[in-house]
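Here is a short tour for someone meeting this structure for the first time. Keep the sequence and the 3D view open while you read.

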Amino acid sequence: MSSKEITSDLSVIDRLWKSFASVKLTIVLLLTLAATSIIGTLIPQNEAPMDYLETFGAFLYRIFSLLGLFDMYHSWWFRALILLLVVNIVVCSIDRLQATWKIIFVRHPRFNLARYRQFKNRTEYNHDGAADQLIALYEPVVARRYRYHRTIETAEGFAIYGERGRWTRLGVYVVHFSVVLLLIGGLIGSIFGFDGFVNIAEGESARAIQLRNSSEKFQLGFEIRCDDFNVVFYDTGAPKEFRSSLTILKQGKAVMQKDIIVNDPLQYEGISFFQSSYGSLPPNEVILNFTSATTGMVYSKKAAINAPIVIPEDLGTFMLQRYTRQADFRGHNIGEAFIGVLTPLNGSAVEITLPLKFPSFDKMRKGKMFVAIADFVPRYYTGLQVSRDPGVWVVYSGFILMIIGIYLTFFMSHQQICIDIVRHGKKSRIGVSGTSNKHKLGMHKKVTKLSERLAGLINKE
Amino acid sequence: MNSSFVLSIITFVYGLAGFLYIFGWVFKKPTAGQLATWVAVVGWIGNTAGIIMRWVESYRMGIGHAPFSNLYESLVFFAWTISLIYLVIERKASNRTIGAFTMPIAFLAMAYASLKSGITPEIQPLIPALKSNWLIAHVITCFIGYAAFATAFGISAMYLIKQGRDEEKTAWLNFAKPLTLFVFVLLFSRVLLVGNWAMSVIIALPICLVFYIIVFFASRMPAEIKRRLLVMFPEPAILDELGYQMTLFGFLFLSVGIISGAVWANSAWGRYWGWDPKETWSLITWFVYATLLHARLMRGWRGRRIAYLSLVGFAAVLFTYFGVNLLPGLHSYGNLGQ
């Protein structure tokens, strides 16, 4: 490779660096992110393709799905925008940090008297005494307010220079670094973590969970059992508490037991289980009442699916076949029901519907006896959100740094003041001025206050 | 006497304070201004009392919780924070015309809470998702942020009024501005006032019309009157700086609010960020104000442009607060009808 090629190579990198170090780019990226983020709040995200097709029609559906708008916050272009912003932040920070570094990490900050004489906030007053006696008077005042201070001989007298908060100039880099941490934490989470859910019926257990937005299952490496689920309601009907009693089992042995509620998850081996939903399940067992039409006798029997029951009075056998959420009766939905088969001793089998809500429904059949569900114990399953996110601590550090950084950047400043004392024969003239890298108006007030205090000190004597 | 009654009286007290501030400004009556300050202070004390009473009442009902759990309570706290921030500014800036532009916002928040159908002032028990220590931290920080942005909005509006109409050199901006105004007003009447778009148009059109009639008459106003009205405003540089300070304050609290919400979400749902519409909109708001800060600090934007960005930012705040109720998501407990 010739040397010419190397220099042109460098200039490409240089140009790239320069364009990424631009705050214009930052502004464009921030506004683009703000504007595009709106889309995902208007189009519900991650729903079934059929729902989208129905809402938007085939043409729009294809365009939207090509642009990834149905999961837009994970689409390639949105990720690219975020990546661009982070690169922009990093380059900008490095580009400017060098200059800031030189200001912050110096043993003796530069002091330029001429600069302080030009400040608009400079206030001046006279003193009838000699200039030199003011050093002892003023030095402690400055020392109390400004961490760094020194007294300098000048051509016409001397100057007391003080400054503080030099390091607060780092605040903006802390904020920018925190944004990078958030991205890294998010990446760690999406690479090494997972997010899924599992529904466990009361009394049952699960070894694997369903991963979200994927057809795959994840093996937990242990077993989680739902011992009990309870939902409590207020008088108003609003839910008060969802509570699942969970047990973690390893090789069949219980190693951990905890009741979880919303806002109080269970954690085991870095995996967290959150109370997320619940639902009712068909009862395992029901109590059936068989009422004989001839004798009027009522026989109560426990029944389970596929377990035949012999009905007294030689009325035949009955067997529960299945449960359905929506039973149909002449085109009407009559809700949850069991479907059973009655086989009389002589005669053909009849299918019988037993709705949970209407116990005397089977009377309408006008058979030799009618079957009704007398009682059942409702059964629930608990819906658990399951996740592991090893990146969360990186993200949390980012959060803390961001708050500290924003406070440093916007609410603290690097302040410098100068008390300029000029000899005029036996008298002296004092000028107080100062500057700050932020809040110029506030600094103005501070300078005025300081000069009033300093002038007051002389009058006291 | 219960808290809802106290708070509905406070609505009128804030209304009166706002009216007195405007009266004192337009007719140059310093006594009206001083009275306005006292009325505002009384209103704020009553507002505080109302919030505390509500807190106590909830414990008496046996469902004790901090009064930050639904739309009504958040609006009451929003008004409380705006009045507090304003009263502090009034003391610091020693100028009462700002009150004419910020106290009405507190009044509107309270009036909306009291009058809008579907917002119930009844104390409701906490649903499981809200039973967390994060509730107080999250709601308080968010609403301090929102209130600071509301104040910045009022101050930015004052800045734009003080500077007068800028002659647009580009013709399309003359059309774009009224159109933007109409779209925003339309959107917010849909979100805040009525349930369908047709009614929103019927409401939005006269509002925009009235706005432009005021602008028209303001531009035809004799120079002497105009000068007299505007001389009471703080200097443009001070308005600019005040608005900026409020934005900084709001930005800090919005950031803490979003972060506390993220930490809470992680303990309740197992993820710190889920692109739920409310989360996304709070981030959009954060992006807008981050833009404002970068433009000001790094590109030297001042005055008008910053004031316009501040208006856009507050529109995003309002949408985060109310608009999300139209969209599907997990923050439904902030909804109307709850």
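## Chain A: overall form

Chain A holds 9 helices and 22 strands. Its radius of gyration is 39 Å, well over the 23 Å that the globule rule gives for 461 residues, so chain A is more spread out than a compact globule. The model shown here is predicted.

The C-alpha trace of chain A covers about 135 × 70 × 45 Å along its principal axes. Of the 461 residues in chain A, 26% are buried. Take the contacts in chain A with a separation of 6 or more: 57% of them join residues 24 or more positions apart.

## Chain B: overall form

Chain B has 11 helices and 0 strands. Read from the N terminus, its elements run α-α-α-α-α-α-α-α-α-α-α. How does the radius of gyration of chain B compare with that of a compact globule? A compact globule of 338 residues would come out near 20 Å, and chain B has 20 Å, so the two agree.

Along the principal axes, the C-alpha trace of chain B spans about 60 × 45 × 40 Å. Buried residues account for 46% of the 338 residues of chain B. Among contacts in chain B between residues at least 6 apart in sequence, 78% link residues at least 24 apart.

Across the boundary, 24 residues of domain 1 of chain B are in contact with 27 residues of domain 2 of chain B.

Which elements give two or more residues to the side of domain 1 of chain B that touches domain 2 of chain B? They are α1 (3-26), α3 (71-93) and α4 (97-115) of chain B. The largest share comes from α3(B), with 10 residues. By class, this side of domain 1 of chain B has 16 nonpolar residues, 8 polar residues and no charged ones.

## Where the chains meet

Now look at the contact between the chains. It takes 39 residues from chain A and 36 residues from chain B. On the chain A side, the elements that give two or more residues are α2 (23-42), β7 (239-250), β10 (271-281), β20 (379-388) and α8 (392-411) of chain A.

Of these, α2(A) gives the most, with 11 residues. The side of chain A that touches chain B divides into 26 nonpolar, 10 polar and 3 charged residues.

## A closer look at α2(A)

Start with the length of this helix. At 1.5 Å a residue, the 20 residues of α2(A) should span 28 Å, and the end C-alpha atoms are 30 Å apart, which agrees.

Next, its faces. In α2(A), the buried residues are T26(A), L29(A), L30(A), A34(A), S37(A), G40(A) and T41(A). They cover an arc of only 135° around the axis, so they sit on the same side of α2(A). An α-helix has 3.6 residues a turn, so residues three or four places apart point the same way.

The face of α2(A) turned away from the buried side carries exposed residues: K24(A), A35(A) and L42(A). What covers the buried residues of α2(A)? The cover includes α4 (76-104) of chain A, together with α10 (277-299) of chain B.

## Two residues with positive phi

Most residues other than glycine have a negative phi. N46(A) is not a glycine, yet it has a positive phi of about 55°. N46(A) lies in the loop between α2 and α3 (49-66) of chain A. Is N46(A) buried, exposed or partly exposed? N46(A) counts as partly exposed because it has 13 C-beta neighbours inside 10 Å.

K28(B), which is not a glycine, has a positive phi of about 55°. K28(B) is placed in the loop between α1 and α2 (30-60) of chain B. K28(B) has 13 C-beta neighbours inside 10 Å, so it counts as partly exposed.

Terms used. Residues are numbered from 1 along each chain as its sequence is written. Chains are lettered from A and ligands numbered from 1 in the order in which they are written. This is a predicted model: local features need pLDDT of at least 70, side-chain atom pairs count only at pLDDT 80 or more; totals for chains, interfaces and linings use all residues. Helices (H or I, at least four residues) and strands (E, at least two) are DSSP runs, numbered from the N terminus. The radius of gyration is taken over C-alpha atoms; the globule rule is 2.2 Å times the number of residues to the power 0.38. A residue is buried if 20 or more other C-beta atoms lie within 10 Å of its own, exposed if 12 or fewer, and partly exposed in between; C-beta atoms are placed from the backbone. Two residues are in contact if their C-beta atoms, placed from the backbone, lie within 7 Å. Ala, Val, Leu, Ile, Met, Phe, Trp, Tyr, Cys and Pro count as nonpolar, Asp, Glu, Lys and Arg as charged, and the others, Gly among them, as polar. The expected span of a helix is 1.5 Å times one less than its number of residues. The arc is that of the directions from the helix axis to the C-beta atoms.
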